[in-house]
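Subject: Structure handover

Hello,

Please find the structure below, followed by notes on what was found in it.

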2 protein chains.
Amino acid sequence: MNTADLGLPVDVPSTALFTDQYELTMLQAALKAGTAERRSVFEAFTRRLPEGRRYGVVAGTGRVLDAVENFRFDAGVLDFLCERNIVDEPTLEWLGDYRFRGDIWGYPEGEVYFPGSPILRVEGSFAECVLLETVILSILNHDSAIAAAASRMSAAAGERGLIEMGARRTHELAAVASSRAAYIGGFNSTSDLAAGFRYGIPTVGTSAHAFTLLHDNERDAFTAQVDSLGRGTTLLVDTYDVTEAVRLAVEIAGPELGAVRIDSGDLLLVAHRVRQQLDELGAARTKIVVTSDLDEYAIASLAAAPVDAYGVGTQLVTGSGHPTCSMVYKLVARAESADPGAPLVPVAKKSLGAKSSMGGRKWAARRVDEDGVAEAEVIGTGEVPAELAGRQLQVELVKGGEVLGREPLDVVRDRHAAARASLPLSATQLSRGEAVIPTEYV
Amino acid sequence: MNTADLGLPVDVPSTALFTDQYELTMLQAALKAGTAERRSVFEAFTRRLPEGRRYGVVAGTGRVLDAVENFRFDAGVLDFLCERNIVDEPTLEWLGDYRFRGDIWGYPEGEVYFPGSPILRVEGSFAECVLLETVILSILNHDSAIAAAASRMSAAAGERGLIEMGARRTHELAAVASSRAAYIGGFNSTSDLAAGFRYGIPTVGTSAHAFTLLHDNERDAFTAQVDSLGRGTTLLVDTYDVTEAVRLAVEIAGPELGAVRIDSGDLLLVAHRVRQQLDELGAARTKIVVTSDLDEYAIASLAAAPVDAYGVGTQLVTGSGHPTCSMVYKLVARAESADPGAPLVPVAKKSLGAKSSMGGRKWAARRVDEDGVAEAEVIGTGEVPAELAGRQLQVELVKGGEVLGREPLDVVRDRHAAARASLPLSATQLSRGEAVIPTEYV
C-alpha cells in the first residue's frame, strides 16, 4: 500500500487498528455462522443536533476516503491480533486479504445536515462494512464538531479574518484535522504548520510574549522582529503597557507596520484605544488582531470594535461546547441470505429508550421554497418523489472500492458557504434554538 | 531518525511540524538579533483547574518525551518551509541540525497537580526550547484532560471494571492517546485495538446491535456468537426485548455465560431486573456490563445497582465537560546575554487581565500533615526549605537531550492511584468545589 502521496506529516501505514475490538469478533462469529457475506447497508447519521444548534456541518468525508483506502491488515497488525488471541485463524486469513470493495454514498463534504440526515451510506457485505464503523465515526464525529463551531464563528466574523490557533489545546493530530475542518467552516488561515504541510492551508504567525521577554526590553524585541521579518510583521503589544508598546511599534516599524496583536484585557475597549492611537500616529493601515479565549459570542460582541482579524484557539478545537457529534453507524438493511441476489430487508433496533432508528436504505433531499431557501430535509426509503429528484443530497464517493469523491479543500469550503447561505436567515443566529429546518420522513 | 521502535500504528517520522508558525519566525528573529542562544527556562503550568474540579492529573509526559526525541526537521519539512517562505536560509540551516540538547524536569506522569504546579520545566537555549511549545502543550493539554475525567470516573466506580469505549467519539489518534490517559486514570481496558497495539493496554469487545440485526432472529445471533467466541462472551441483550433476550442468552450459553450488556433504558432499573432474572436462571456468575452515555455522575448513581462493569465513551474522551486543560508554556527566566556563563534573570508578562504569572525557575513540593495527607502545594523560586527537601515533586526527564524518564504505563497508573489516595478525602467528591489543597508561593 502506498500512502506516500497523502503527504502526511505523519505517515499512516494502515488505519485498520482504529477499530473497536468487537468489530473483529463480530466478523469472526459471522464468518463461522455463514452470515458474513450477507449484503448490508450501514448509514451514519445523528439523531439530534447538539443542544441549541440550528444546523450541522458535514466534515471529514475526505479523510474518511483516505482511511477506507488505507484500511489494510499488514503482517505486523495480524501478528498482534494473533498473539493477543483476538480472532481465530480463519478470521486472520480473511483480514489479510481485506480491502473494501463496496460502495459509499454520502452528503458531499461541507454540506449542512440535520437530525436524521443520512450523511454516509456504506454498502457491501456485512463483513467488509462492519469493520469500518469506528474509523468512520471517529473522523466524522470529530471533524464535523469542529467545522460546526468554525461555521458559527465565521458567520459571526462576517468579512473579517479568522485565524485558527488551537493546536496547543488539542491532541497534536486532532489539531491538524481541526485546522482542516476550520478552513471548511470558513476560517482563512492556521498557525499549525502541519496543517499547512498536509492540506495546503495558508499559515500565519505573529509573536509570543516569550520573544519580548527574551530581550532586554521591548524596543530590542520589536527591533529584532522588524529587522528580521520586515515591517509587515505583526507585533504583540500587551507584554507590558499597551499604549507605550503601540507607540514604540510605530516608531520602529513606521506606518507600514502590518498589524498589532492584543492578547489580554477588555478587547473591545483596548481595540478602540489602539485604533485611535494607530490612526493618530499615521498608521491608519496597520491592522489589529485580537486573540484570548475567543468564541463565536465574543467575536460577535466585537463586531462594533475596530478589529481586523480574530485568532481563535481553545473554543474552536473543542467545538465551542460540543467537542463531538453524536453520529452513529447503523445497519439499516441486509440481505435475507448470503446469496448475491437475495433481496434486502430493512432492519432497526427496537429500543427501550430514545435510541430507535428508521430501517431501510434512505435517500435525502432538501426542499426549497420559491426563493430557493431551504424549507425541509426530506428523507425516505421508497421512490424519490419527482419534484425532489433534482434536489437529492447524496453523491457517489466510492464505487466497488474505488474512491471517486476526492476534491480540493477550497471546493468544500465554497460548498459550505453556499449551503449555509441557502438556509433560512435564522440559521446563523447565535442564540440557542431548534434545527432551522424540520426533518420530514416520507 | 528511527521511530520504528515506538511501535505506533501510525509512524511518526517527525513531530517538528506540530508547531505554530510563530515559533519558527521568533527563532529567525532571535538568530538574527543574537539572542537565540540565551539560556532560557520555560515552564508548563495551569493558572486554574477546570471549573469545579478539585485536582488535575498529569498525563502525556511519556508522549512528550517521544515527541521531543523525534522533533527533527528532515528534507521534506525543510523544503516545505523554504517553498512557503516561512523562514530564511540561515534559519533553515539551523533547523536542519536541530535536536533538543537541553534538560527537562517535571512532575512524574500520573501525579496530581494544582493551579500553578510547574508540571514541566524545559531548559536550554531560547532557540531550542521555544520550538517545543506547541507539541508539548498539545500533548499535556489533551492527555491530562482525559486522565482527569478518567480519574473521577474510576473513583466513582470503586472496585468495578471500567472499559474505555470512546474511540468513535474523538479523532482517531486522539482516541489512542485517550485510551492511554484513561488507563493512567484508573480504567482497566479499552475497546480500541490501536491502543492495545501501541501501549499494550488490555483490549475487550462485546457485540453491537448490527450483529443481532444481521441474523434472522436473536436466537441465531446469540448462537453464532457463542459458537464462535465461547460461553464466556458478552451478549448484547437490548436489541428487542431485554427479558426475552436474557432468557435466550442463558438458554444458549448456559450459566457459564460471561456477561450481558445493556446499552439503553433506565440502567438502574434494568440492571436490577436483569440481575434477578440471571440469578433465577442459575446464572449467578454472569456479569452485567452497562454502557450508554455514562459519565462519573451516572457511574456514581449506579453504585447501588448490580453492575459489574461500565463501558464509557463520549464523556471520557471529551474530558467530561472539560476537553482541554489550560496549560501554558511560559518563559520564566533567561540569561542576561548569550554568554554561556551569564546569570539567569526571572521574567514575567505584566498583563492587563488575569494572565500574569510568576517569574523565575520554580521548585515544587507537596506538604503533608502528620497522617501523610496532602496539605498544600508549595511552590518557590529560592532555596527549598529543609523540611520540604524530601517532598519535591519534579524529577529529571531529559538530560542534555537524552531521555531518562521513560517508564512502563503500569507504574504511571499505580502512581496516580497512590497520589490520589494521598489527597484529602474530599478530592474525589463529584460535586463542584475548589482545588482540594491550596497552592502556596514561598
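Chain A and chain B bury about 8,600 Å² between them, with 60% of that on carbon and sulfur atoms; buried area is the accessible area (1.4 Å probe) that two parts lose on being put together, summed over both. This is a predicted model, in which local features need pLDDT of at least 70 and side-chain atom pairs count only at pLDDT 80 or more, while totals for chains, interfaces and linings use all residues. Residues are numbered from 1 along each chain as its sequence is written, chains are lettered from A and ligands numbered from 1 in the order in which they are written, and side-chain values use heavy atoms, with hydrogens and water left out.

Interface

The contact (heavy atoms within 4.5 Å) takes 109 residues from chain A and 109 residues from chain B. On the chain A side, Arg168(A), Leu193(A) and Leu214(A) lose the most area to chain B, together 10% of what that side buries.

A salt bridge here is a side-chain nitrogen of Lys or Arg within 4 Å of a carboxyl oxygen of Asp or Glu. One pair is Arg168(B) with Glu23(A), whose closest N and O atoms are 3.7 Å apart. Arg168(B) lies in the loop between β6 and α7 (172-185) of chain B and Glu23(A) in helix α1 (residues 21-33) of chain A, so the pair joins two chains. Helices (H or I, at least four residues) and strands (E, at least two) are DSSP runs, numbered from the N terminus.

Helix α10 (residues 218-229) of chain A packs against helix α1 (residues 21-33) of chain B at an angle of about 105°, their axes 8 Å apart. That makes α10(A) roughly perpendicular to α1(B). Axes are lines fitted to C-alpha atoms, for helices over the stretch in contact, and angles run from 0 to 180 degrees between N-to-C directions. Angles under 35 degrees count as roughly parallel, over 145 as roughly antiparallel, 65 to 115 as roughly perpendicular and the rest as oblique. The residues of this contact divide into 4 nonpolar, 4 polar and 2 charged. Ala, Val, Leu, Ile, Met, Phe, Trp, Tyr, Cys and Pro count as nonpolar, Asp, Glu, Lys and Arg as charged, and the others, Gly among them, as polar.

Within chain A

The axes of α7 (residues 172-185) and α15 (residues 409-421) of chain A come within 7 Å and cross at roughly 45°. α7(A) and α15(A) are therefore oblique to each other. Their contact residues divide into 4 nonpolar, 2 polar and 4 charged.

Sheets of chain B

Two strands pair if DSSP finds at least two bridges between them. An open, antiparallel sheet of 7 strands has the order β13-β12-β1-β5-β3-β16-β17 in chain B. Strands β3 (residues 103-106) and β16 (residues 395-399) of chain B are joined by 3 bridges, and Ile104(B) has Val398(B) as its bridge partner in β16(B). Helix α2 (residues 61-69) of chain B lies across β3, β5 (120-125), β16 and β17, running at about 15° to β16(B).

In chain B, 6 strands with parallel pairing form an open sheet in the order β7-β6-β11-β10-β9-β8. β7 (189-190) and β8 (234-236) of chain B each have a single partner strand, so one side of each is left without a neighbour in the sheet. Between β6 (residues 161-164) and β7(B) there are 2 bridges, and Glu164(B) stands opposite Thr190(B) in β7(B).

Regards
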